[in-house]
There are 2 protein chains.
Amino acid sequence: MTGNRKTASTSVTIGDIARVAGVSRSTVSRAFSRPELLNPETVRRVKAAADELGYVMNHAARALSTGRFGNVAVVVPDIANPFFPPLVRRVQTLADAAGYAVFLGDSDEIADREANLTSRLSAQVEGFVLASPRLDEDRIRELDASRPVVLVNRDIEGLARVLIDPSGGLDEAVAHLHRLGHTRVVYLSGPRESWSDQQRRAALARAAGRAGLEVIVQELGRPSSAGGRDAVGGILASEATAVIAFDDVVAQGVMAGLALRGIDVPRDISVIGCDDTLASGTHPALTTISAASAAAGDAAAELLLGVLASGERSDARVTIATHLVVRATTEAAHTIGG
Amino acid sequence: MTGNRKTASTSVTIGDIARVAGVSRSTVSRAFSRPELLNPETVRRVKAAADELGYVMNHAARALSTGRFGNVAVVVPDIANPFFPPLVRRVQTLADAAGYAVFLGDSDEIADREANLTSRLSAQVEGFVLASPRLDEDRIRELDASRPVVLVNRDIEGLARVLIDPSGGLDEAVAHLHRLGHTRVVYLSGPRESWSDQQRRAALARAAGRAGLEVIVQELGRPSSAGGRDAVGGILASEATAVIAFDDVVAQGVMAGLALRGIDVPRDISVIGCDDTLASGTHPALTTISAASAAAGDAAAELLLGVLASGERSDARVTIATHLVVRATTEAAHTIGG
DNA sequence: TTGAAAGCGCTAACAT
DNA sequence: ATGTTAGCGCTTTCAA
């Protein structure tokens, strides 16, 4: 025999419906995809036959024929990082409403895994949302050449992207620390490849420069609570009185590490996080920089769905502002010698 | 013209490779799917040509021909609920390693959305992981009849499922509270449709009965921090001295609400969460019942991939034990009249 | 070990 | 408004 002998056990095809409804297969096809071209009565008869037989579309066949899949993919470096779930959720919700199913890819922060995922997925999706991609620019452009991609927190000229701009929040954070009397702050960086980290680092340097605050950058690599905890030694050694962490998870780790050594926050040291993912659930409640990952998800989904609906590529650059959310971890005043 | 005029701009097909490698299309196909049938040298030449051209498989075409898609789906009630990301992550990782891409569905806790997702997805996946499904048993069985389903935290006879058994942790929690002198505890329930909630409720009732502890159940609906916060009034009215929350998120909300009213945890009241998703990042560090959602993800993925690999359905019932993780929120002793 | 040919279920140009 | 026909990219029998 040839081809596929036994697909899903007893799958009902367009041909079966055609037979039952007494029309051609094209007519059945049209009854589903372009019913306005058909006699309403014919459509009715076809749909009735379909229901009776329990017909379900074979998407693979349709995709093969049209080149369209009705799927999009969202890939993230780490779905367990609390920044991403709200984003993924909005993308999934909006995509679903527009009739798309969504693939999830988790690159585990590694660029090559991301490359594998995207190339594997590109064969069955209409487009991509790449959140904080670790891929190099060339590979991203290459991908975008075959399928529209929308970037989140990565700024590549000519591609659609939604960017969370940390400068607003960081300006406020620096002003806040300055007002409190701090003169030296350590920044616990995120992954080198992370656009977000580069932005935060640069924005912090600018703001600190203006305010006359000294910034010591401490490299951390993959952001994690454990990483934050282990960074405490270095922080203490620097004699800084405040720390700004790459994200809330790291900040939480720092606070845990500080607590382990009996160091009080905010009396002895101030801590500021980023992303506002841990809300007020830390001890003490964490001062942080908002990030609105859900808003980023909305924007990304709208961008992608817009491109898919219109067929026209976009190089929109939507930016999302941030601000400082002051909570308990920066309460105490640090006056010089205080 | 007929059929598809312009698929992905310049997609490389088997035919292109065949031309370059100077073999037939069947040979190219075999080089990928059954290389052991071919002369190793031929395989090498074909793969070289494929690499050179930048070939990527058209999964839709393969699926159409074989009836297999190479995709699985994981559907959750709320990806933003911290219980699920670690689970999803493990499923994604193991599925990827086995050559499957994964669809993510988020039902937003509503059964009909879940039904839509699963039926939409069943046309392009090999199988499902349904985490804490809100669907009724009939619809789940129906789905399982067409594609293998692995359930997480839902116990349906005859289906493959992985269950987190709360009784170990709850027994310990009750013993712990009893030892501390508590006599009345409120349980803040989760969604009614939730198997986990039913289990927790029942296990708690059993344990409390044995220990002579009074349990007051307070309905909460969708678990959220805000819900926990708003439940504080009722908790206080009940005059209970301890609360066990459906999950850590709710527990965190309770603590926030308590703090707002100036009520000290654990001096005035003890709080215990479930799932250990917030680690020690709360204030004070939350006593909780472990849940190991990552382990559940591993088990679910292994079950599903096993079924897909062997072609044999499974009705395995894997259970994951829990235990109490004591932290600061239950430190103080409540002796009668104390 | 390899090639030829048919067909998976669907869509779309073309004809009517 | 509907039927005819070819073909999307792949796998698989069958023949060599």
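Which residue in β9(A) does Ala242(A) stand opposite? The close-ups below begin with that spot. The model is predicted, so local features need pLDDT of at least 70 and side-chain atom pairs count only at pLDDT 80 or more, while totals for chains, interfaces and linings use all residues. Residues are numbered from 1 along each chain as its sequence is written, chains are lettered from A and ligands numbered from 1 in the order in which they are written, and side-chain values use heavy atoms, without hydrogens or water.

**Strands β8 and β9 of chain A run parallel.** Find β8(A) at residues 242-245 and β9(A) at residues 270-275. They are joined by 3 bridges. Ala242(A) stands opposite Ser270(A) in β9(A). Helices and strands here are DSSP runs, numbered from the N terminus (helices: H or I, at least four residues; strands: E, at least two).

**The sheet of chain A is open and has 6 strands.** Trace the order β7-β6-β8-β9-β10-β12 in chain A. The pairing is mixed; two strands pair if DSSP finds at least two bridges between them. Contact means heavy atoms within 4.5 Å. Axes are lines fitted to C-alpha atoms, for helices over the stretch in contact, and angles run from 0 to 180 degrees between N-to-C directions.

**In chain B, β10 and β12 run antiparallel.** The order of the 6 strands in the open sheet of chain B is β7-β6-β8-β9-β10-β12, with mixed pairing. Its edge strands are β7 (214-218) and β12 (324-325) of chain B. β10(B), residues 287-290, meets β12(B) through 2 bridges. Look for Ile289(B): its bridge partner in β12(B) is Leu324(B). Helix α12 of chain B touches β6, β8, β9 and β10 of chain B as it packs on the sheet.

**The peptide bond from Val265(A) to Pro266(A) is cis.** Omega is near 10 degrees. Pro266(A) sits in the loop between α12 and β9 of chain A. Chain B has a cis bond between Val265(B) and Pro266(B), with omega about 10 degrees. Pro266(B) is in the loop between α12 and β9 of chain B. Most peptide bonds are trans.

**Asp108(A) has a positive phi.** The angle is about 55 degrees, although Asp108(A) is not a glycine. Its loop runs between β2 (101-106) and α6 (111-122) of chain A.

**Chain B meets chain A through 49 residues from each.** Together they bury about 3800 Å², 54% of it on carbon and sulfur atoms; this is the accessible area (1.4 Å probe) that two parts lose on being put together, summed over both. The two chains share 8 salt bridges. In a salt bridge, a side-chain nitrogen of Lys or Arg lies within 4 Å of a carboxyl oxygen of Asp or Glu. One of them joins Asp78(B) to Arg89(A), at 2.8 Å from N to O. On the chain B side, α4 (59-66), α5 (84-97), β2 (101-106) and α6 (111-121) each give two or more residues. α4(B) gives the most, with 7 residues.

**Chain B can be laid on chain A by a turn of 179 degrees.** The shift along the axis is 0.5 Å, and the RMSD is 0.8 Å. That is the relation of a two-fold axis. Both copies use the same surface: 100% of the contact residues of chain B recur in chain A. The copies are superposed by least squares on the C-alpha atoms of residues with pLDDT of at least 70 in both.
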